[in-house]
Amino acid sequence: MPSELTWLSTRELAGRIASGQLSAVEALDDHLERIDEVNDEINAVVTLDVDGAMERAVAADRAFAAGERLGPLHGVPMTHKDTHPTAGIRTTWGSPTMDAVPTEDHLVIARLKAAGVNTTGKTNVPEFAAGSHTFNPIFGTTYNPYDRTKSASGSSGGVGAAIAAGIQASGDGSDMGGSLRTPGSFNNCVGFRPSAGRIPNVPPANPWAWLATSGFMGRTVGDVALLMSVGCGPHPASPTSIPEAGSVFDLPEFRYESTYEPSLSGITVGFAPDFHGMVPVAKAVREVVDVQEQVFRDLGAHVTDALPDLSRADEVFDVQRAYDFAANWGELVRTRRDEIKDSVVWNTEKGFALTADDLVAKDAARVALLQSLQSYFTTHDVLVTTTSQVLPFDADIEYPTEIDGEPMETYLDWMRAATLISATGCPAVSVPAGFSESGLPVGIQLVAAPGKDVELLRVAHAFEAATRVHERHPDL
């Protein structure tokens, strides 16, 4: 059964620990008990470090008793995405070829730990984080807490399912083609892809890489903002870092203070659920998304149906993704092809086949896309679309092969609502919008100009405060 702590926000949990109302050991015990209660049903948490986490919780309580300076997440237990290396804790990328125990933390993990997070384990991912359905040959499939026959999406599906199930209120993830946003939609939580450079890539990763970025998920926009405040900011090893400190995300309105009244007066929203017909959207999804236009109007926003020219976004995404796959996984595909799933091999071999002409054309397409976005965001603050084109689908299939009878040719086509936006480099967030008649979550995607991450979260927060769809929890 859920405890008193199960549905607290990360802010609330951290506040109780900081005030002495709750010890770090008590918070950890509750976290582990919830994993014991529900994880067998959803398979979200795949690796645990119970002994290490307990040692850290005891140390956190000693630090509190000694009056030491505490971080904003002091003693908060949290599992991490299994593509983010964690020092001393197994990290697999969902593949036997990557199964190892790292000696160093990923930058995001290091920053969360510096803020006081108690790392407890890892959450499930698709093999190599490829595809938006979480299953792999090591740990199997992660299931949706709202319907345990359905997908939790991916690649941050384990994180999304853990948040939805009340294991934790927020967590880290990453997003190349929707891997934070689509799990957000499927699990009725917030999935935020920041602007490229907001969370730096640092060696041994490629510091100039831009299509994939780390980010955060949470039950609320406020919790995502809290994790952004400690997880982002420039780094000397990253030449593409956005120079603003994470403190820009630490705004009073994200704390849900009693005086907060949501308003979008003065904001202009472009509402284009299906990108003007560029992507097919299932009828059951449209029924939820379409009515959200009135929410923005009721909040005082000026709403149009305008859409930036995204006609070359597919080219940018497809070529850059193929290039990145070849760069990241090329050697493994060459030497251990039989141990890697077909979709990863396919995407990597697309990278092998790229020519100089392909790369030059992709860069030209990216320039045209940037110019279109610059024009659009001179008159609009936010673009709103569907996050996912489908409802959470059956967990026993790899990906949807059709949408309301329209065939999907590849494992990426059903998620173009996310990949089109990935190609822009814009910050994008999925926020809970409602539920289908069958009881499955549906999110909407909000997009802002590059660098406007804080402004985007402010709009998302107002929408969340007006709708409060995130307060509907699964029956576990």
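Residues are classed here as buried under 20% relative accessible area, exposed over 50% and partly exposed in between (1.4 Å probe, protein chains only). The model is predicted, with local features requiring pLDDT of at least 70 and side-chain atom pairs counted only at pLDDT 80 or more, while totals for chains, interfaces and linings use all residues. Residues are numbered from 1 along each chain as its sequence is written, and side-chain values use heavy atoms, with hydrogens and water left out.

Helices (H or I, at least four residues) and strands (E, at least two) are DSSP runs, numbered from the N terminus, and two strands are taken to pair if DSSP finds at least two bridges between them. An open sheet of three strands shows mixed pairing and the order S1-S3-S2. Strands S1 (45-48) and S2 (77-81) stand at its edges with a single partner strand each, so one side of each lacks a neighbour in the sheet. Three bridges join S1 to S3 (residues 118-123) in the antiparallel sense; Val45 has Thr123 as its bridge partner in S3. Helix H3 (residues 50-65) packs on the sheet and touches S1 and S3, its direction making about 155° with that of S3. Contact denotes heavy atoms within 4.5 Å; axes are lines fitted to C-alpha atoms, for helices over the stretch in contact, and angles run from 0 to 180 degrees between N-to-C directions.

Across the whole structure, 24 salt bridges are found, each defined as a side-chain nitrogen of Lys or Arg within 4 Å of a carboxyl oxygen of Asp or Glu. One of these joins the side chains of Glu41 and Arg148, with an N to O distance of 3.2 Å. This pair links distant parts of the chain, with Glu41 in helix H2 (residues 24-42) and Arg148 in strand S7 (residues 147-151), 107 residues apart. Glu41 is partly exposed at 33% relative accessible area, as is Arg148 at 30%.

A salt bridge between Arg416 and Asp314 has its closest N and O atoms 2.6 Å apart. Arg416 lies in helix H13 (residues 416-422) and Asp314 in helix H10 (residues 313-336), a separation of 102 residues. Arg416 is buried, with a relative accessible area of 16%, whereas Asp314 is partly exposed at 24%.

For Arg337 and Glu349, the closest N and O atoms of the salt bridge are 2.2 Å apart. Arg337 is situated in the loop between H10 and helix H11 (342-352), and Glu349 in helix H11, twelve residues apart. Arg337 is partly exposed at 41% relative accessibility, and Glu349 is partly exposed at 32%. Finally, a network of salt bridges links Asp175, Arg181 and Arg193.
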